[in-house]
Amino acid sequence: MRVVEPRHFSHLKKEKQKKPKKMLLLLLLPVALAGLWYAWSNPPKFAREESKDPAAAVQPIDKEPLEDKPKAIRTFSGNDFKLLFQSLAHPNTQPFVNPPSITGNTAADARIRTIAEKRGYRLTSIPVSAIVRTDEATLNNDDLLQPLAYQGWIDLRAAAQKDAIPLFLYSGYRSPEFQRDLFLERLYDRGISVEQIARGTADKAVEDTLIITAVPGYSRHHSGYTADFKCEDGSPNFGASICFKWLNENNYARAKQFGWIPSYPAEVDLQGPEPEEWEYIWVGVRALSE
């Protein structure tokens, strides 16, 4: 026989069930309040540190973002350096869309560019906004560098000075006009004319000039990330200097430590000029890390 609880007694059982719950809530309330007070008065350590300087997590625009764990610097072949440069898009630069004029003669300029590109020269890039002037007193009209490259130079120079290496900056940013004057001076010193270039009878003179000099629009100095170094140790050329030995040692370990790589390394074909031991380009340490 099923027992049915009378309706008028059912509320008494419900009241009995509520009393233990109320008592449990009254017991837990002080504990909860104490926990809230402790959490409010003892915020996590990282939260307090970040709140002191909200800008600390934002990296300055003129510095590379810091890595949580430093990575090993890679070992590169000459061709690896070339491929790395070709894969980069430097900040604050834009590529040339139209190549700058060289001689002012359309046919002659087209001939020069064709020969240059067969050697491996490629149109480069130019700064979008202002770059910084260096503190090198010996430079003239090419004493500018991109901020990142300039800091890389300052750090490299400091390391060289610490090791008593007389390393100096010889050339930085070059405008297309600067490069045009340099190229034409060396080209015309070979005794040829614009008409000969246009007719294709001065190709050898053009080729010989391109061994050592880029045409305007094709120089890596246009970007502001490339620098020529010199060494004041009395050596007949940079490749024979203690500066080059210091930079080149252990796969350019010291240069790479501050983000620099050889711009035209040895044993690499079709890169433009012949290898230039004195020219380096800043790519940043992160691009060189494994």
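A search of the whole structure, which is a predicted model, finds eight aromatic pairs, a pair being two rings of Phe, Tyr or Trp (its six-membered ring) whose centres lie within 6.5 Å, with planes under 30 degrees apart counted as stacked, over 60 as edge-to-face and the rest as tilted. The rings of Trp 153 and Phe 229 are stacked, because their centres are 5.3 Å apart and their planes stand at 25 degrees. Since Trp 153 belongs to helix 5 (residues 147-162) and Phe 229 to strand 6 (residues 226-231), this pair ties together parts that are 76 residues apart in sequence; helices (H or I, at least four residues) and strands (E, at least two) are DSSP runs, numbered from the N terminus. Both Trp 153 and Phe 229 are buried, where buried denotes under 20% relative accessible area, exposed over 50% and partly exposed in between (1.4 Å probe, protein chains only).

Phe 229 also forms an edge-to-face pair with Trp 260, at 5.7 Å centre to centre and with 70 degrees between the planes. Trp 260 lies in strand 7 (residues 260-264), 31 residues apart from Phe 229, and is likewise buried. Phe 229, Trp 153 and Trp 260 are among the members of one aromatic cluster, which also includes Phe 76, Phe 81, Tyr 252 and Tyr 280.

Residues are numbered from 1 along each chain as its sequence is written. Local features need pLDDT of at least 70 and side-chain atom pairs count only at pLDDT 80 or more, whereas totals for chains, interfaces and linings use all residues, and side-chain values use heavy atoms, with hydrogens and water left out.
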